[in-house]
Each structure stands twice: as C-alpha cells, then as structure tokens.
Amino acid sequence: MTIKTIIEPFRIKSVEPITLTTREQRADILKDAHFNLFNISSDDVIIDLLTDSGTAAMSSAQWAAIMEGDESYAGSRSFLFFCESIRKLMPFKHIIPTHQGRAAERILAKIVAADGVRIPNNTHFDTTRANFEDQGCIADNLVIAEGLSPIHEHPFKGNMDLAALESYLAVYNEHIPFVMLTITNNAGGGQPVSMANIRAVKALCGKSGKPLFLDACRFAENAYFIKQRESGYQDKSITTIVKEMFSYADGMTMSAKKDPFGNIGGWLALNDDALAEQCRNQLVITEGFPTYGGLAGRDLAALAVGVQEAVDEDYLAYRIRTIEYLGHALQALDIPIVSPVGGHAVFVDAKAWLPHIPALEYPGQALAIALYEIGGIRSCEIGSVMFASKDENGTEVAAPMELVRLAMPRRVYTQSHVDYVIECFAELAKSKESIKGCQITWQPERLRHFTAHFLQG
Ligand SMILES: *Cc1c(COP(=O)(O)O)cnc(C)c1O
C-alpha cells in the first residue's frame, strides 16, 4: 500500500498572522474601498489570491543567502552565484539581471524596435504586449484555437498554432526580429506548452532564420505538466526536461517573482554577443551596472537558491496538486471553471455561473466582491472591468470572457486555507441568485480596474 495524500513538503518556521474580520466589518471595508478590492489593505484580507507574483514564501536557505549577499557595485560574488545557478538549467552565454520581468521586456523591445516590426507569441502577457507596443511594434497572438475556449479539454492549451506561425513567418519575414513563446501561457490561464510544440516552433524559427525567445516565468510548472502529460517524459527528471526546453531557445525573458520564489527580480538571457552588448547598453541607463541590474546583491543570492528550489519535484507535485484540488472541488459544486486547471490559478467563469448578471454589470467583479464579503478572500476580476472595449459610438463592448482569477501564492497557504476557500464558494452557491451586478461610478482614463469605483445592486 502506498500513501496517497500529497502534503505540503515543508515545515513552517516563521509565521505571519492573519487578522480575522467579521462579515459586518467586511461590508463596511468594501464600502470604504468603493467595492474595488485593489483599494483594500492587505491587513483586511484573510486569504489573498490576487496574484502569484512576488508573493511567495522564501525558504530558510533563501533567507540565509540574503545574509550572504555581496553588495559590491561591480563583480559581486552574488552575481556569479546567480549566473551559475541559472546556467545549471538554462545554459545561456549572457545573463542580464533586471528588477523584474517587464524591465527585461523593455530592453528587448527597445533594441529591436523599428517601423513595422512584429513579434509573434502564443499569447503576449499584458506587460510584454505593452512594452512592444510602446516601442511601436506590433504584438500578435498565435495560440491554438483550443487555448481560447474555457471548456475545451486539451493537455497543452498554451501551444502555438504551428500552421499559423508558419504562414506568419512567410508573410512578415523581414519584419520579425524573433519569435516568442510564453511558458506557461499566463494570459491564457496558466496553460502549458508541450515539448513537441517548443521543438516544432524552434524548427520553424530555424527554417526562417529567426531566434526563439522564451518568456519563461513559469518554466518549472510547465516542465511538470510535460512530465505528467507528454509521452516519453514520465521517467525524466524535471531538471532534464527544463534543460531540453531551453536547449531550443536562443534567449529568454524572466520574471523571478513567479517560479523562482523571488519577492522581486528578473533577468534577460541570450547567446548572441552583439545583441547582448546592446542590451547591456540599455541596462546601464535604466537598471544599473551589468553585475547587479536592478537588484541588490542579496536579491541575486536569494534568487540563485530559489531557481533550484523551483525544480524540486516534491514541491511541484504539491504546487500543481493544490491548484487542481481547488479546481476540482469547485467543479464538484457545479461551479464552471476554465478547464483543465492551469499551473498557478483557478479561473472561475462568472458569466456562466451568474447568468442573471449581464456582462456590462460585471459578473466577475460582482463575484469578487461577494467572495470578499463572505470570507475575506481577495481575487481578481479578469473580464469586462479589465478588458471591455468601446465601439465607434463610444459605447462599451463587453470582453469575450468574464473570469475571476484565484491565483495561488507559492508555499504560502496550506490545505485548510484552500478548504476554507472551497467552503466559502459552497456557501455562496446556496444563494448565488442574490449576488447583484454592479455599476462603475468613477473611472480613470486607462487601466481602470486598479482604481475604479463601483456600486453594487
Ligand atoms: C509576470 C509576467 C511578466 C512580467 O513580469 P513582472 O516581473 O511582473 O514585470 C511577463 N510575462 C509573464 C508571462 C508573466 O507572468
């Protein structure tokens, strides 16, 4: 007999108290925050599932590395430690530290920007798209059709549409500096990309002489999905799988606030000497000297340790199982979610679950508010509040999906925290018809989801 329970593979050495609030207190807090969860103090949140970015718990080994950090301006030994650790998995010639992922993207966008430049990706993350567009480039998404459908089951919904990429490379050839592939596909629900797809994308890049860059924030979660779902990989170690993934890449951008357990950090890595030289020239203008980028020596040291912890198979089994456990429990309550569940979050389909709320009364926001009121759970609307557009008359047009994202910070919450979230959903389900839609009473010109004011009912 083997024991099947997957436990949190760590002991808790340092704790951060959670302040428990009552439902009445939370009703008042919501009013004061104009029903926008970004306006709520984290002290008033019981379970914070707003994002998995920068919210990880560092290990005791990472905290020890913080004390060992070398703050020398040039040639810091923490930088050497950082590079050595990364190269064990991602053997790039040049590794350029940045303060977070978007700084790496900005540098890359800046050096390739020219009239008519186009960057294909399975799905550009919002900051990636914003950085390319800000430099006047065109950012195109070429994910497979299944990746756009919340209910379509597919083991690798993050895959690039190879036929679409092939014709794209033929049509726009001279306008494309490189191809990007985001692993896992964050904007598409944390969905993985298969090894076969990475290999095939690389082959297409090779045929047209284009480098392949990985946006690799969740490389370890992606590798775990390959091990679980792709034939031929069951008996390979995560490290072997990660090395193979990166053997097809000519460069990468990275947010170390995701898989490597950083509270801050990122990097840009590549093999091309001339391109690396240009990147470093940009780096010194906005980030810093090439051996620290936008980071303190202690951050580099903590990340060097975190990168290796990210590929620990027992950790990944617990990590991926946590998300799956939450997703399956919600499905058992007949709550529609994006399926299969991805690597870092469960996405609830609020439009399908609350059909009595019209899209322009923001069912996702209404659900996020209700979840906070019932249990102090902070989630994130990813629907029309975030992505509505305007037609030619200036009338608001709803986004294609009304989702609520429950993103799981790494190593922060235990199973009983997740059980609590599930019970809150079960309670909401009993009277979901009484959840009321909302309206926006004030909004800024851009990125309104961060600061808009709402009224409910
Ligand atoms: C978070 C993220 C980024 C941006 O990284 P930051 O560290 O937040 O600047 C880029 N791409 C993907 C896929 C991400 O998830």
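These are my notebook entries on a predicted model, taken one topic at a time.

**Entry 1: helix α6**

I began with helix α6, which covers residues 162-172. I asked which of its residues are buried. L165, Y168 and L169 are buried. Looking down the axis of α6, I found these buried residues within an arc of 100°, so they line one face of the helix. I then turned to the other side of α6, where A163, A170 and V171 are exposed.

What do the buried residues of α6 pack against? I noted two kinds of partner. The strands are β3 (118-121), β4 (138-141) and β5 (179-182). The helix is α7 (195-207).

I also checked the N-terminal end of α6. D161 caps that end. One of its side-chain oxygens lies 3.2 Å from the backbone nitrogen of A163.

**Entry 2: around the ligand**

Next I looked up the ligand. How many residues are around the ligand? I noted 15. Of these, R102, N186, D215, S255 and K258 come nearest.

In the side chain of D215, an N or O atom is 2.8 Å from a nitrogen atom of the ligand. For S255, a side-chain N or O atom is 2.7 Å from an oxygen atom of the ligand. For K258, a side-chain N or O atom is 2.8 Å from an oxygen atom of the ligand.

**Entry 3: salt bridges**

Side chains of opposite charge can pair when their charged atoms come close. How many salt bridges are there? The count comes to 19. I looked up three of them.

I took E244 and R199 to start. Their closest N and O atoms are 3.1 Å apart. This pair links distant parts of the chain: E244 sits in helix α9 (residues 238-247) and R199 in helix α7, 45 residues apart. Are these two residues buried or exposed? E244 has a relative accessible area of 17%, under the 20% cut-off, so E244 is buried. R199 has 36%, which lies between 20% and 50%, so R199 is partly exposed.

I went on to E221 and R410. Their side chains meet in a salt bridge at 3.1 Å, N to O. This pair also links distant parts of the chain, 189 residues apart. E221 is in helix α8 (residues 219-229). R410 is in the loop between β14 (403-407) and α16. Both E221 and R410 are buried.

Then I checked K430 and E427. They form a salt bridge, with the closest N and O atoms 3.0 Å apart. Both lie in helix α16, three residues apart, about one turn of the helix. K430 counts as exposed at 62% relative accessibility. E427 is partly exposed at 35%.

I also noted a network. Salt bridges that share partners join D52, R218, E221, D259, R319 and R410.

**Entry 4: K432, a charge without a bridge**

I looked for K432 in the loop between α16 (415-430) and β15 (438-442). K432 is buried yet has no salt bridge. How far away is the nearest side chain of opposite charge? That side chain is E433, 4.4 Å away. Leaving out residues up to four places away in sequence, K432 touches W353, L354, P355 and H356.

**Entry 5: Q135**

I found Q135 in the loop between α5 (126-134) and β4. Q135 counts as partly exposed at 22% relative accessibility. Setting aside neighbours within four places in sequence, Q135 is in contact with A109, K110 and A113. I also looked up V117, 18 residues from Q135 along the chain; their C-alpha atoms are separated by 9.6 Å.

**Entry 6: backbone angles**

Where did I find cis peptide bonds? One runs from I183 to T184, with omega near -20°. T184 lies in the loop between β5 and α7. Another runs from S339 to P340, with omega near -5°. P340 lies in the loop between α12 (313-332) and β9 (345-349).

I also looked up phi for two residues. D334 has a positive phi near 65° and is not a glycine. D334 is in the loop between α12 and β9, and is exposed at 65% relative accessible area. Y362, again not a glycine, has a positive phi near 55°. Y362 is in the loop between α13 (350-353) and α14 (363-375), and is buried at 4%.

Methods: Residues numbered from 1 in each chain as written. Predicted model: local features only at pLDDT ≥ 70, side-chain atom pairs only at ≥ 80, totals over all residues. Heavy atoms only, no water. Buried < 20%, exposed > 50% of the residue type's maximum accessible area, 1.4 Å probe, protein only. Helix = DSSP H or I, 4+ residues; strand = E, 2+ residues; numbered from the N terminus. Arc of directions from axis to C-beta. Contact = heavy atoms within 4.5 Å. Polar contact = N/O pair within 3.5 Å; in protein donor to acceptor, adjacent residues only side chain to side chain. Lys, Arg positive; Asp, Glu negative; His and termini not counted. Salt bridge = Lys/Arg side-chain N within 4 Å of Asp/Glu carboxyl O. Near = heavy atom within 4 Å.
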